[in-house]
Amino acid sequence: MEQKRSSKIKRSVANGIGKKFLEELLRNNKLIIKDVIGIENLEAVETGAMITCNHFNPFDTFAIEKVIRDAGIERKVYKVIREGNYTNFPGKIGLYFKNDNTLPLSQLPETMELFDEALEMILENGDLIIVCPEQSMWLDYKQPKPFKYGAFKWATLNNVPVIPTFITREETESQDYNINIGKPIIPDKNVTPKENINTMRNLAYDFCKKTYEDYYRKPVTYRTIKHENIPQYVITTSNFVKNIKNKDEEIQRF
């Protein structure tokens, strides 16, 4: 009981820190949201969902969360963060990262089992999870980077949609944000989990690529590995059956 009360207090404090931090960003013009395109795509989803976002600034997921709040969507919003952000920051920032609805990715299998259990409960409750599928932050980088597979695996395992978002920026000193929200990508139960994960990943990336090219009027070009060159997600019975509802049926589809 005392532990639950302590966690509730810490969460409340962390929420206050996050709210104040966001207000400071807005007041100091470090985060300016000029336009939101496709808000109806977000409003149409009534279940839990994974929301993907391009990662170019420490504040980009704050912008997505603000759009969700401004739309009047009252469900909880969680953010997947790297483990270092969860453990390495002291003081108020550390308290925020540990308690403000964050889900840290870990290198430890036993910790990731807890992560998967928490994620399943959150999505079953109808809440939202923001994840940056690029799994890297390149400061002020405008192009979409190749996507990893985590967000689409979690969506497939929990039968929830992925809502792709992509932030474009005005060519001004403040680089005002335009938040572009794509149509929900629904898991397809008629294909294997592996096929579904790869298809959802590609559809989300295609939305971001098209949004970039339409807005900036130039093609996406890379000097390093391309999105399509990242090996396809390999799913095995051992890392999948413990997470699915109807094990016998799914195993037959491998």
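How many of the nine residues of α7 are buried? In this predicted model, eight of them are, and α7 is therefore described as mostly covered, given that a residue counts as buried when its relative accessible area is under 20%. The protein chain as a whole comes to nine helices and seven strands, and buried residues make up 48% of its 254 residues. The points below begin with the chain overall, then turn to its nonpolar cores and its aromatic rings.

**The chain overall**

**Helix α7 and its end**
- The buried residues of α7 are Gly150, Ala151, Phe152, Trp154, Ala155, Thr156, Leu157 and Asn158.
- Asn159, which comes just after α7, takes a positive phi of about 55°.

**The nonpolar cores**
- The largest nonpolar core has 31 residues, and those with the most contacts inside it are Met50, Ile129 and Phe152.
- Two or more residues of this core are given by each of the elements β3 (77–82), α6 (109–124), β5 (128–131), α7 (150–158), β6 (162–169) and α8, and the largest share, seven residues, comes from α8.
- When its neighbours within four places in sequence are left aside, Met50 is in contact with a list of residues that includes Leu123, Ile129, Val131, Ala151, Trp154 and Ala155, and Val160, Pro161, Val162 and Ile163 are also in contact with Met50.
- A second, separate core has 22 residues, and Val45, Phe62, Val67 and Leu128 are included in it.

**Residues of helix α8**
- Ile197 is found in helix α8, and Ile197 counts as buried because its relative accessibility is 0%, where the cut-off is under 20%.
- Although Ile197 and Ala155 are 42 residues apart along the chain, their C-alpha atoms are separated by 8.2 Å.
- Tyr212 and Tyr216 also lie in helix α8 (residues 193–216), where they are four residues apart, about one turn of the helix.
- Tyr212 is buried, with a relative accessible area of 4%, and Tyr216 likewise counts as buried, at 12% relative accessibility.

**Aromatic rings**
- A pair of aromatic rings is described by the distance of the centres and the angle of the planes.
- A search of the whole structure finds seven aromatic pairs.
- In one of these pairs, the rings of Phe56 and Tyr177 have their centres 5.5 Å apart and their planes at 70°, and because an angle over 60 degrees counts as edge-to-face, the pair is given that name.
- This pair links distant parts of the chain, since Phe56 is in the loop between β2 (49–52) and α3 (60–70) while Tyr177 is in strand β7 (residues 177–181), 121 residues apart.
- Both Phe56 and Tyr177 are buried.
- Tyr212 and Tyr216 form an aromatic pair that is tilted, with 4.8 Å from centre to centre and 45° between the planes.
- Phe147, Phe152 and Tyr205 are linked into a cluster by ring pairs.

**Charges over rings**
- Arg169 lies over the face of Phe56, at 4.0 Å from the ring centre.
- Lys79 lies over the face of Phe62, at 5.7 Å from the ring centre.

Conventions
Residues numbered from 1 in each chain as written. Predicted model: local features only at pLDDT ≥ 70, side-chain atom pairs only at ≥ 80, totals over all residues. Heavy atoms only, no water. Phe/Tyr/Trp six-rings, centres within 6.5 Å; stacked < 30°, edge-to-face > 60°. Buried < 20%, exposed > 50% of the residue type's maximum accessible area, 1.4 Å probe, protein only. Lys NZ or Arg CZ within 6 Å of the ring centre and 35° of its normal. Core = buried A, V, L, I, M, F, W, Y, C linked by side-chain atoms within 4.5 Å. Contact = heavy atoms within 4.5 Å.
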